[in-house]
Amino acid sequence: MIVGSLSVDLLLGDVHSLKEKRSVVRPIVAELRRRFEVSAAETGHLDLHRRAEVGVALTSSDPAHCREVLAACERLVAGRPEVEVLSARQRVWDDEDE
C-alpha cells in the first residue's frame, strides 16, 4: 500500500475576515475531493485570515499514480487566481518504509 500526502501553504488575496477566508478555502477543498477522490481539509493557519494550509491525502497501490494525483492536486490549487502558493510539500510512503 502506498500513502501520499500534499501540504500546500497559501496566501489568500483580498480577504479581511475568517468568514471570507472560508468562502475561498472551502470551494478549493471541495473541488479537490470531487475531482480527485482524495481526502482534503484545511489543516493549518486556522486563526489567520490571509493564510491557509490545505492538506491532501490518498492511498494507492502504485507510487507513480500517487505522485501523479498529488501533482495534479497541486496544479489545481496553484491555478486558482484568488490564492498564491507559498510552498507545497509532497510525501509518498510505502508500507515497507519504517
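Guide: Let us begin with accessibility, bearing in mind that the model is predicted: Glu 42 counts as partly exposed because its relative accessibility is 26%, which lies between the 20% and 50% cut-offs.

Visitor: With which residue does Glu 42 form a salt bridge?

Guide: In general, side chains of opposite charge can pair when their charged atoms come close. Here the partner of Glu 42 is Lys 21, with 3.0 Å between the closest N and O atoms. This pair links distant parts of the chain, since Glu 42 belongs to strand β2 (residues 39–44) and Lys 21 to helix α1 (residues 18–36), 21 residues apart.

Visitor: Why does Lys 21 count as buried?

Guide: Its relative accessibility is 2%, and buried means under 20%, so Lys 21 falls in that class.

Visitor: Which side chain meets Glu 31 in a salt bridge?

Guide: That side chain belongs to Arg 80, at 2.8 Å from N to O. Here too distant parts of the chain are linked, with Arg 80 in the loop between α2 (63–78) and β4 (83–94) and Glu 31 in helix α1, 49 residues apart. Arg 80 is buried at 18% relative accessibility, and Glu 31 is buried at 17%.

Visitor: What is the distance between the closest N and O atoms of Arg 80 and Glu 82?

Guide: They are 3.1 Å apart, and this pair is also a salt bridge, although Glu 82 is partly exposed, with a relative accessible area of 27%. A network of salt bridges links Arg 80 and Glu 82 with Glu 31 and Arg 35.

Visitor: How many salt bridges does the structure hold?

Guide: The structure holds five.

Methods:
Residues numbered from 1 in each chain as written. Predicted model: local features only at pLDDT ≥ 70, side-chain atom pairs only at ≥ 80, totals over all residues. Heavy atoms only, no water. Salt bridge = Lys/Arg side-chain N within 4 Å of Asp/Glu carboxyl O. Helix = DSSP H or I, 4+ residues; strand = E, 2+ residues; numbered from the N terminus. Buried < 20%, exposed > 50% of the residue type's maximum accessible area, 1.4 Å probe, protein only.
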